[in-house]
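The sequence and structure come first.

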Amino acid sequence: MTTEEKKTIRAVILASSVGTLIEWYDFYIFGALASIISTKFFPDVNPTAAYLSVLATFAAGFVVRPFGALVFGRLGDLVGRKYTFLLTLVIMGGSTFAIGLVPGYASIGAAAPILVLLLRLLQGLALGGEYGGAATYVAEHSPAHRRGYYTSWIQTTATLGLFLALGVILATRNAMGLEKFGDWGWRIPFLISAFLIGISIYIRLRMNESPLFRKIKAEGKTSTNPLKESFAHRANMKMVLLALFGATMGQGVVWYTGQFYALSFIEKTCNIEFVEARNIILIALAVTTPLFIFFGWLSDKIGRKAIMMLGMFLAIATYRPIYQAMYRLADLNSKQEITAQTRNTVSNARVEGGTQITTVVSKVFSDGARYKETSKVIQPTDVSAPVPKPVVLKELNLSKTGFWMMILLIGIQVVYVTMVYGPIAAFLVEIFPTRIRYSSMSLPYHIGNGIFGGLTPYIATRLTTHLGDPYAGLWWPIVIAGLCLFIGMIYISNKVDQNVAD
């Protein structure tokens with residue numbers, strides 16, 4: 001490549017990546033704040049039900065992603081990549097900003113979760129059109145022998161978006177303090193989206209259309225009906241199904257297990273304290289994210305299939321022992337309590353309808369771990385009224401050794417994520433022709449990631465809650481990844497550098 005070509009591809013990657021990163025930030029800020037949002041937009045009668053409702057709302061954004069892929073994929077194949085994912089950026093940013101303005105359940109009742117759900121659906125539609133456009137745009141600027149490497153930069157944006165979301169949450173919480181953040185400060189990460197989107201729009205307005213799309217448009221070879229060509233023609237539909245069931249389905253569950261379900265597991269099942277849980281994820285992501293680039297580069301050398309299939313196999317084989325080790329790190333029954341340092345305090349406060357009794361039990365363990373259990377119950381003024389169930393918050397701070405061991409266990413899962421996700425953009429781009437690429441690759445990607453992957457935190461948490469087994473949730477990613485591995489090993493080719501042009 002000439003110096004000018006290198007400058008061009010770097011500019012393309014920067015413009016595509018910044019916008020996509022911000023869209024992922026917008027999309028994931030909701031999931032990262034799920035434990036707080038459940039108390040704001042849903043009835044607080046049953047905290048577990050409220051948390052599951054938030055996860056269901058979070059999942060709803062994933063369910064509609066395939067529809068966004070169809071709508072914006074068609075638009076991208078008709079009018080171009082640039083303007084399509086500029087539009088998706090505006091929709092995503094506006095929806096995220098609006099979530100930060102929605103009044104809570106205490107103010108507007110059932111309208112609160114309904115409004116949040118509608119905005120979440122808009123987010124899903126926008127993201128359904130974003131990724132395919134960004135990946136296609138970068139791939140169509142890349143030389144064939146380095147397509148895996150260059151598109152892998154786009155692959156970092158999903159994890160970096162989560163990293164940014166967690167970083168903004170922690171910075172805001174530390175700056176404001178726990179009480180103000182829990183009261184209204186949690187809205188700030190949503191509202192910041194407007195500023196981030198403004199920057200990205202400015203960058204993307206300076207972009208040019210992809211050279212391959214410009215070429216086929218000038219030659220009059222663009223598709224007049226990209227959806228029909230993508231899904232009504234048997235040969236192309238076969239590739240769509242292969243991409244879904246042989247690659248993206250398994251990649252999706254590995255991605256969301258290794259990052260989102262891992263966060264949910266350590267926070268809800270292991271009771272790791274809010275800030276510490278997010279610090280664990282942040283450090284694990286920071287250490288492992290460069291591997292997206294490495295595996296994208298490696299896929300140019302040895303093929304996409306080998307790396308993706310190995311990542312799925314390792315996840316299937318090791319998820320259960322990894323989560324068992326995570327659970328043991330937080331298991332209080334395996335720790336020796338220093339009883340002399342145990343503290344039990346009770347305080348009363350007048351509230352509307354009665355007296356709130358708060359009981360705080362603090363424990364210290366010989367390995368340095370600290371545990372605090374806060375129980376709040378309202379004793380009604382009317383003695384004949386039923387006493388509601390206490391709201392209990394459990395918070396565990398691990399020992400230093402336990403903290404770094406938890407990071408290691410999360411980090412291993414993220415390594416699997418980088419293996420299955422780093423090469424997949426190049427893989428998807430290479431199996432579909434330019435004239436219908438945006439539509440064809442977007443649908444299997446967003447079904448695999450949006451439906452199979454995005455539902456992972458909800459389904460896994462639901463299985464764990466229903467069956468009472470802390471590891472029951474792992475059956476979903478293990479079975480789905482196993483099926484995908486079987487199909488992918490048989491039917492996917494390991495060819496490198498197929499020509500993306502028609």
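With which residue does Arg-304 form a salt bridge, the closest N and O atoms being 2.6 Å apart? The partner is Glu-430. This is a predicted model, in which local features need pLDDT of at least 70 and side-chain atom pairs count only at pLDDT 80 or more, while totals for chains, interfaces and linings use all residues. Residues are numbered from 1 along each chain as its sequence is written, and side-chain values use heavy atoms, with hydrogens and water left out.

**Salt bridges**

- The structure holds six salt bridges (a side-chain nitrogen of Lys or Arg within 4 Å of a carboxyl oxygen of Asp or Glu).
- Arg-304 also pairs with Asp-300, where the closest N and O atoms are 2.8 Å apart, and both of these residues are buried (buried means under 20% relative accessible area, exposed over 50%, partly exposed in between, with a 1.4 Å probe and protein chains only).
- Because Arg-304 lies in helix 17 (residues 304–330) and Glu-430 in helix 19 (residues 424–430), their pair ties together parts that are 126 residues apart in sequence (helices are DSSP runs of H or I with at least four residues, strands are runs of E with at least two, and both are numbered from the N terminus).
- Arg-304 has a relative accessible area of 2%, and Glu-430 is buried at 6%.
- Lys-335 forms a salt bridge with Asp-367, with 3.0 Å between the closest N and O atoms.
- Lys-335 is buried at 15% relative accessible area, whereas Asp-367 is partly exposed at 37%.
- Shared partners join Arg-147, Asp-300, Arg-304 and Glu-430 into one network of salt bridges.

**Cavity**

- There is one cavity of 30 Å³ or more (a set of points on a 1 Å grid over the protein atoms alone where a 1.4 Å probe fits but cannot get out; lining residues have an atom within 4 Å of a point).
- The largest cavity has a volume of about 80 Å³, taken as the space filled by probe spheres set on the points.
- Its lining has 13 residues, with Gly-31, Tyr-51, Phe-260, Leu-263 and Ser-264 nearest the centre.
- Helix 14 supplies the largest share of this lining, four residues.

**Nonpolar patch**

- Ile-108, Ile-114, Leu-115 and Leu-118 form a nonpolar surface patch with about 330 Å² of accessible area together (patch residues have over 30% relative accessible area and no salt bridge, with nonpolar side chains joined within 5 Å; areas come from the Shrake-Rupley method with a 1.4 Å probe).
- Helix 7 (residues 111–139) gives the most to this patch, three residues.
- Ile-114 lies in helix 7 and is partly exposed at 49% relative accessibility.

Conventions: Patches are made of residues with over 30% relative accessible area and no salt bridge: like charges are joined within 9 Å, nonpolar side chains (Val, Leu, Ile, Met, Phe, Trp, Tyr) within 5 Å. On a 1 Å grid over the protein atoms alone, a cavity is a set of points where a 1.4 Å probe fits but cannot get out, and a pocket is an open set with protein on both sides within 12 Å along at least five of seven lines; lining residues have an atom within 4 Å of a point.
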